[in-house]
Amino acid sequence: MKHLPKHIRPRWRYLAVEIDAPIDASFDRGDFQRELWYSAGNLLGDPGSADADLTVYMFSLTDGRGEAIVRTRRGETGPARAAIACVHAIDDTPVGVRVRGISGTVRACEERYLGRATGAIYENEVAFGGDRRHADCRSDELAIHLPTATVCATQLDIE
Amino acid sequence: MKTTKPTPNKPDSMYEAAPAYPSADSTASRMAKAAAQYGYDGIVIQTREAEYDPAAIAERYGVDVARGIEIHAETPESASGSIGNFRNEYTVLAIRGGTNALNRFAVEQDRVDVLTRPMAGDGNFNHVLARAAVEHGVRVEFDFGPVLRQTGGKRVQALSALRKLRELVAQYDTPYVVSVRPRSHRHLRAPRELRAVGETIGFDPDWIEAGLAEWGRLVARNRERASDSFIAPGVKRGKYEKDDRRTR
C-alpha cells in the first residue's frame with residue numbers, strides 16, 4: 001500500500017530499555033516482544049495496548065546484559081513505561097528492566113543511550129558464607145552458585 | 001564507578017525498602033547497587049540476618065543504606081516481644097501485617113514505624129485502623145509487588161485492595177510508604193517507572209513519589225532521634241545559639 005504523506009504519519013517515540021538478566025539467559029527479540037505484549041495487554045487492556053503500540057525495534061543480549069529499543073506512539077510514553085516496568089520475567093528468566101531514556105528517532109536513541117560496555121565475565125572461586133563457592137563475576141558483581149540457589153552479590157560481600 | 005558521597009535526607013530523597021540474602025536472592029550490597037543504578041538515594045535493608053557494612057556500601061555506590069527490620073510474627077504477642085528487643089538496634093522497624101489482629105496491633109504501637117503489606121493474606125484495613133495509624137504515626141505500606149509481578153485474578157485482587165487502602169488513607173490522611181517488596185535486585189523498578197505504573201492504576205504520580213520519599217524521611221527522623229543530642233521532639237542538648245542570647 002502506498003505509504004502515508006509525511007504530515008499525517010503517526011509520530012513515534014523510542015524508549016531505550018536496559019535489561020538485566022542472569023548470565024546464562026538466552027531469550028531473543030521475539031521472546032521479549034511477546035512478554036511486552038502480554039504485559040501491556042494485561043496492564044493496559046486491549047484498547048490501551050493498541051494505543052501504546054509497543055514494538056521492539058532493536059534488541060541485543062550478551063551474557064545477561066540486554067539493550068532494546070521499544071517504539072511507542074507519541075503521547076503514550078507513560079503507559080509504555082508502565083507496561084515495560086511490569087515485565088519481570090522473559091521465558092521464566094527473571095529480569096530487571098529500566099528505561100534509560102526516550103528519543104524522537106531511533107538514531108538519537110541509539111547514540112545517546114545504547115552501546116554501553118558491559119564488561120567481561122570471568123569465573124572465580126570465592127569465600128562466601130564460610131565456604132569456597134564457584135562464582136561468575138563481572139566488574140564487581142558476582143553470581144555465587146550455592147547448592148540450592150544462585151545469590152547475586154558484589155565484591156563487598158567477599159572482602 | 002560512582003564515588004560521590006550520598007546526600008541523604010534532602011527533602012525529596014527517594015528510598016526503597018528491600019530484604020537481603022538470606023531472605024532474598026541478592027545480598028544487601030547488590031540490592032543497594034541496583035537501587036543506586038535505578039536512581040534511588042537510599043535503601044532500607046529489612047532483613048535482620050543480613051550481613052553488610054552500610055558505610056562501605058555508601059562509600060562505593062553512593063547510596064545511603066539504613067538498617068531496618070521487618071518483624072514477621074504469627075501473633076501480636078510475639079511481635080510485641082520483638083519490638084522491645086529490636087527497636088533500639090534498627091533505624092526502621094516494620095511489622096509484617098496480613099492478619100486483622102497483627103494489623104490492629106501494629107497501627108496502635110508508637111514504636112512501630114511501618115505496617116507492611118496490610119492487605120496480604122487474610123488482612124484487611126478499615127477506618128478504625130486508618131485513624132489509629134494517624135494517631136500513632138505508623139506508616140501503612142502500599143505493596144506494588146503483585147501489581148508488577150502477578151497476573152490474572154491475583155493481580156485483580158491486589159489492585160482492588162490497593163484501591164481500598166488508597167481511599168482510606170486519603171480520607172484520614174494516614175501516613176504511608178510505597179514499596180515494590182523485591183525478592184531480588186531484579187525486582188526493583190525506577191521511581192519514574194513506578195510513577196507510570198501508579199498513574200495507570202489510578203494513583204496520582206506525585207503521591208507515589210511521596211510514598212518513596214517517606215522512607216527517607218523516616219530514616220532521617222529516626223537517626224536524629226537516636227543521636228546523643230536528642231532528648232524529646234523539639235528539645236536538643238547543645239550550646240545556646242548566639243542570636244538567642246543577644247535578644248534576651
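A salt bridge is here a side-chain nitrogen of Lys or Arg within 4 Å of a carboxyl oxygen of Asp or Glu. The legends below describe a predicted model, in which local features need pLDDT of at least 70 and side-chain atom pairs count only at pLDDT 80 or more, whereas totals for chains, interfaces and linings use all residues. Residues are numbered from 1 along each chain as its sequence is written, chains are lettered from A and ligands numbered from 1 in the order in which they are written, and side-chain values use heavy atoms, with hydrogens and water left out.

**View 1. The salt bridge of Arg100(A) and Glu67(A).** The side chains of Arg100(A) and Glu67(A) form a salt bridge with an N to O distance of 2.8 Å. Arg100(A) belongs to strand β6 of chain A and Glu67(A) to strand β3 (residues 65-73), so the pair ties together parts that are 33 residues apart in sequence. Helices (H or I, at least four residues) and strands (E, at least two) are DSSP runs, numbered from the N terminus. Both Arg100(A) and Glu67(A) are buried; the class of buried residues has under 20% relative accessible area, that of exposed residues over 50%, and partly exposed residues fall in between (1.4 Å probe, protein chains only). Over all chains, the structure holds 27 salt bridges.

**View 2. The interface of chain A and chain B.** Contact (heavy atoms within 4.5 Å) involves 34 residues of chain A and 29 residues of chain B. The area buried between the two chains is about 2,700 Å², and carbon and sulfur atoms give 53% of this area. Buried area is the accessible area (1.4 Å probe) that two parts lose on being put together, summed over both. Of the area that chain A buries against chain B, Arg81(A), Cys152(A) and Leu156(A) supply 21%, more than any other three residues.

Between chain A and chain B, 18 residue pairs are in polar contact, both residues being at pLDDT 80 or more. A polar contact is a pair of N or O atoms within 3.5 Å; within protein, one must be able to donate a hydrogen and the other to accept it, and residues adjacent in sequence count only if both atoms are side-chain atoms. On the side of chain A that touches chain B, the elements giving two or more residues are α1 (29-52), α2 (77-85), β6 (96-103) and β10 (150-154) of chain A. The largest share, five residues, comes from β10(A). By class, this side of chain A has 18 nonpolar, eight polar and eight charged residues, where Ala, Val, Leu, Ile, Met, Phe, Trp, Tyr, Cys and Pro count as nonpolar, Asp, Glu, Lys and Arg as charged, and the others, Gly among them, as polar.

**View 3. Salt bridges between the chains.** Six salt bridges are found across the interface of chain A and chain B. In one pair, the side chains of Asp20(A) and Arg186(B) meet at 3.5 Å, N to O. In another, Asp140(A) and Arg60(B) meet at 3.8 Å, N to O. Asp140(A) lies in the loop between β8 (131-138) and β9 (141-145) of chain A and Arg60(B) in helix α2 (residues 54-61) of chain B, so this pair joins two chains. Asp140(A) has 5% relative accessibility and therefore counts as buried. A network of salt bridges links Asp20(A), Arg65(A), Asp140(A), Glu141(A), Arg30(B), Lys33(B), Arg60(B) and Arg186(B).

**View 4. Arg221(B) and Asp113(B).** The closest N and O atoms in the salt bridge of Arg221(B) with Asp113(B) are 3.1 Å apart. Arg221(B) lies in helix α9 of chain B and Asp113(B) in the loop between α4 (100-107) and β5, so the pair ties together parts that are 108 residues apart in sequence. Arg221(B) is partly exposed, with a relative accessible area of 26%, whereas Asp113(B) is buried, at 1%.

**View 5. The surroundings of Thr116(B).** Thr116(B) is placed in strand β5 (residues 114-116) of chain B and, at 0% relative accessibility, counts as buried. The side chains of Thr116(B) and Glu70(B) are joined by a polar contact of 2.6 Å. Not counting residues up to four places away in sequence, the residues that Thr116(B) touches include Gln46(B), Ala94(B), Glu141(B) and Arg181(B).

**View 6. Helix α7 of chain B.** The 21 residues of α7(B) (residues 152-172) should span 30 Å at 1.5 Å a residue, and the end C-alpha atoms are 31 Å apart, which agrees; the expected span is 1.5 Å times one less than the number of residues. Among the buried residues of α7(B) are Arg155(B), Leu162(B) and Val169(B). The cover over the buried residues of α7(B) includes α1 of chain A and, from chain B, α5 (127-136) and α9 (205-226). Asp173(B), which follows α7(B), has a positive phi, near 55 degrees.
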